[in-house]
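Hi everyone, thanks for coming.

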Amino acid sequence: MDLISLVAGLAGLVCIGLVLWDVFETVVVPRPTPGRLRIARYLTRPTWTAWRSLGLRTGDSNARDRWLGLFAPASIVLLLVTWLAILVLGYGLVLFALRGEFRPVPTDVGSALYLAGTSILTLGSSDFQPTSPLTGLVILTGAGAGLGVVALVITFLFSLYASFQRREVLVVRLQARAGAPPSAVALLEGYVRLGMVAQLPDLFAEWEAWSAEVLDTHVAYPSLNYFRSSHDNLSWISALGAVLDAASL
């Protein structure tokens, strides 16, 4: 193996390792995992800064809210695409380093990337046939990695949206009691007017349990912090603030 092939192979292994480690820490580990070797860390925060700056340029509050509300789902899709793209690059470099073990031999990096892409996306390709167990193993692991990343991201999405919906149910219910946007004064006035003051401790206990669940899910999966409430003039943060103000009053 010449020097170029060796460097390409090592660079490919680094790319593969970074993606698999980032997927493991982002999706599988149910707790915050700060670290320098994180693709999601260097992708989400700068993207949010740019996305937010574009949204703040508009003077229409509804258009701004809709624009900012698109970031969370878009960031998940962008993260999946980035993971798959780096996986294709990593396996492409590894296959380029092992290009002598294929018939016909891939003549350039582009052909190796094409072979890696068809393997990771499980499309299959009859253009290049492996002639050694090692290259066959690399293609099989590439297909398994691609399927695994997509499956984990889909599971991750279901978990995110389930947590998001549980968070929003109590926020929407508060709208009928405290208005939109919610107000602590309106909440207390409504309970007094309807003769429901005795039920305030139950309300505060319900929001205490809600706060614990939101803390647990949003610390474990920080992407949830970017999911904005789906109803106009509602925000889970302002709803919590209204309930805390009502408790203080």
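Let me start with a question: which side chains meet in a salt bridge at 2.9 Å, N to O? They are R167 and E168. By salt bridge I mean a side-chain nitrogen of Lys or Arg within 4 Å of a carboxyl oxygen of Asp or Glu. Both R167 and E168 are buried, and buried here means under 20% relative accessible area, with exposed being over 50% and partly exposed in between, using a 1.4 Å probe and protein chains only.

Before I go on, a word on what you're looking at. This is a predicted model, where local features need pLDDT of at least 70, side-chain atom pairs count only at pLDDT 80 or more, and totals for chains, interfaces and linings use all residues. Residues are numbered from 1 along each chain as its sequence is written, and side-chain values use heavy atoms, leaving out hydrogens and water.

Okay, the overall picture. The protein chain has nine helices and two strands; these are DSSP runs, H or I of at least four residues for helices and E of at least two for strands, numbered from the N terminus. Going along the sequence, the pattern reads α-α-α-α-β-α-β-α-α-α-α.

What about the shape? The C-alpha atoms fill a box of roughly 80 × 35 × 30 Å along the principal axes. The radius of gyration of the protein chain is 25 Å, while a compact globule of 249 residues would be near 18 Å. That radius is taken over C-alpha atoms, and the globule rule is 2.2 Å times the number of residues to the power 0.38.

Of those 249 residues, 39% count as buried. If you take contacts, meaning heavy atoms within 4.5 Å, between residues at least 6 apart in sequence, 71% of them join residues at least 24 apart.

Now back to the charges. There are 17 positive and 17 negative side chains, and the centres of the two sets lie 5 Å apart. Lys and Arg count as positive, Asp and Glu as negative, and His and the chain ends are not counted; each charge is placed at NZ of Lys, CZ of Arg, CG of Asp or CD of Glu.

Side chains of opposite charge can pair when their charged atoms come close. Another joins E213 and R166, with the closest N and O atoms 2.5 Å apart. That pair links distant parts of the chain: E213 sits in helix 8, residues 200-220, and R166 in helix 6, residues 133-178, 47 residues apart. E213 is partly exposed at 35% relative accessible area, and R166 is partly exposed too, at 42%.

Then there's E206 with R173, at 3.0 Å from N to O. E206 lies in helix 8 and R173 in helix 6, so this pair ties together parts that are 33 residues apart in sequence. Both are partly exposed, E206 at 28% and R173 at 38%.

One last stop, at helix 5, residues 109-120, where you'll find S119. Is S119 buried or exposed? At 9% relative accessibility, S119 counts as buried. Leaving aside neighbours within four places in sequence, S119 is in contact with I139, G142 and A143. T141 has its place in helix 6 and counts as partly exposed, at 35%.
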